[in-house]
Amino acid sequence: MKRILFIALGFLMIGVNVWAQPKITFEKDIQELGYVLWRNPVTVVYNFTNTGKSPLVISNVTSSCGCTKLSWTKEPIPVNGKGEVSAVFDAEAIGHFYKEIGIYSNASAVPVYVKFNGEVTADAKNYSFTHPFAFGAIRLDKEEIEFDDVNKGDNPSFTILVANTSNKAYTPVLMHLPPYLTAKATPEVLGRGKNGKIVVTLNTDKLPKLGITRTSVYLSRFSGDKVGSDNEIPVSAILLPDFSNLSETQKNNPPQIQLSTTQLEFLSLKPDQKKTQHVEITNVGKSDLVIQDMQVFNPALGVNLKKTTLKPGESTKMKITVYAELLPQVKGTPRVLMITNDPEKPSITIRVKAALRERKEK
């Protein structure tokens with residue numbers, strides 16, 4: 001009888017140990033980089049969350065070749081905490097590439113692998129591969145500037161790659177910078193067919209408010225250029241709430257937001273179509289959940305949310321409508337962003353993939 005009890009206790013301890021393990025969950029475990037310009041290193045970042053029941057510790061990260069510089073979150077990641085693994089790909093070899101990164105942690109006895117792929121091209125003249133966004137004869141690798149989830153006192157930077165396809169020298173300049181942004185172009189002048197970068201730096205101490213701040217800057221494409229929708233670059237900065245002054249009671253009884261989904265698809269829309277989907281929002285925490293701020297990052301989206309305060313266990317639905325006729329007229333990724341008083345998820349993004357139905361050739 002004692003032996004049976006001992007064996008049962010052993011199985012119980014094993015079950016408890018498995019239940020209490022950390023778990024590493026990546027937002028995206030494979031990334032397609034597309035075309036990468038030869039000898040222009042690119043950084044690949046993998047964001048993850050510890051969705052397990054105990055702290056997560058990454059002990060080592062390895063790559064499938066010696067051509068990547070690796071870094072990762074070194075400190076233990078608490079339950080529901082976030083971290084990242086990044087790799088710098090040197091793009092020294094022309095042609096297709098497929099790389100794997102092995103992540104060793106206390107979440108598994110074997111490494112977890114994330115991947116990235118693409119193609120290195122030496123065709124510096126055809127910048128449509130590496131700089132897909134055209135602003136006249138100037139091409140960029142990005143069409144919007146995003147500073148996501150920053151804290152007071154941070155000074156993060158955002159890099160835009162620039163290519164000059166005009167027939168004369170070009171000086172990259174961003175016009176109408178607000179007081180909280182600075183920009184520096186390297187080199188200051190791009191010769192014909194040459195490329196460089198603009199580094200935009202955010203001074204969070206000068207942001208007007210917590211939560212979401214949106215504005216636009218404008219790329220000067222030539223000397224004497226004016227501002228307009230065709231050279232507009234949307235900018236967004238998300239300054240997270242400060243939770244450092246929470247009481248012990250508040251820390252032990254936080255609100256907790258849960259969404260039915262954070263990604264919606266509206267595909268094959270007719271040009272004049274209006275289509276709606278819903279996202280259910282639930283407070284699974286122990287105190288009132290407050291949605292403090294909300295913004296829509298595209299005029300083609302319409303959002304309706306009746307309740308912004310949810311008691312523990314309470315739910316509400318967010319109505320998201322896509323207006324197809326406005327999709328071709330706007331820049332930026334369609335998404336809805338919310339700022340909440342949930343210490344673990346102070347910002348939540350719902351990304352919307354919307355596309356018009358392709359016309360059939362006659």
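Here is a short chat about a predicted model and some of its strands, loops and salt bridges.

Visitor: Hi! What kind of model is this, and how are residues numbered?

Guide: This is a predicted model, where local features need pLDDT of at least 70, side-chain atom pairs count only at pLDDT 80 or more, and totals for chains, interfaces and linings use all residues. Residues are numbered from 1 along each chain as its sequence is written, and side-chain values use heavy atoms, with hydrogens and water left out.

Visitor: Let's start with the open sheet. What order do its four strands have?

Guide: The order is S11-S17-S16-S13, with mixed pairing. Strands here are DSSP runs (E, at least two residues), numbered from the N terminus, and two of them pair if DSSP finds at least two bridges between them.

Visitor: Which strands stand at the edges?

Guide: Those are S11 (145-150) and S13 (173-175); each has a single partner strand, so one side of each is left without a neighbour in the sheet. From one strand to the next, the twist averages 25°, with axes being lines fitted to C-alpha atoms and angles running from 0 to 180 degrees between N-to-C directions.

Visitor: And how do S16 and S17 pair?

Guide: Strand S16 (residues 211-220) and strand S17 (residues 232-239) run antiparallel to each other, paired over eight bridges. Within that pairing, Val217 stands opposite Ile233 in S17.

Visitor: Switching topic: how many salt bridges are there?

Guide: The count comes to ten, where a salt bridge is a side-chain nitrogen of Lys or Arg within 4 Å of a carboxyl oxygen of Asp or Glu.

Visitor: Why would such side chains pair?

Guide: Side chains of opposite charge can pair when their charged atoms come close.

Visitor: Where does Arg39 sit, and what does its side chain meet?

Guide: Arg39 forms a salt bridge with Glu92 (3.2 Å, N to O). The pair links distant parts of the chain, 53 residues apart: Arg39 is in the loop between S2 (30-37) and S3 (42-50), and Glu92 is in the loop between S6 (82-89) and S7 (95-105).

Visitor: Is Arg39 buried or exposed?

Guide: Arg39 counts as exposed at 52% relative accessibility, while Glu92 is partly exposed at 42%. Buried means under 20% relative accessible area, exposed over 50%, and partly exposed in between (1.4 Å probe, protein chains only).

Visitor: What about Arg221 and Asp230?

Guide: Their side chains also meet in a salt bridge (3.2 Å, N to O). Arg221 is buried, with a relative accessible area of 17%, and Asp230 is partly exposed, at 47%.

Visitor: Which residues do salt bridges with shared partners join into one network?

Guide: That network consists of Glu144, Glu146 and Arg335.

Visitor: Now the backbone. Which peptide bond is cis?

Guide: The bond from Thr186 to Pro187 is cis, with omega near -10°. Pro187 is in the loop between S14 (181-186) and S15 (195-202).

Visitor: What is the phi of His176?

Guide: His176 has a positive phi of about 60° although it is not a glycine. This residue is in the loop between S13 and S14, and His176 counts as exposed at 56% relative accessibility.

Visitor: Last one: what does Lys345 touch?

Guide: Lys345 touches Ile257 and Thr340, not counting residues up to four places away in sequence; contact means heavy atoms within 4.5 Å. Lys345 lies in the loop between S25 (335-340) and S26 (347-356). From Lys345 to Gly81 there are 264 residues in sequence and 9.3 Å in space, C-alpha to C-alpha.
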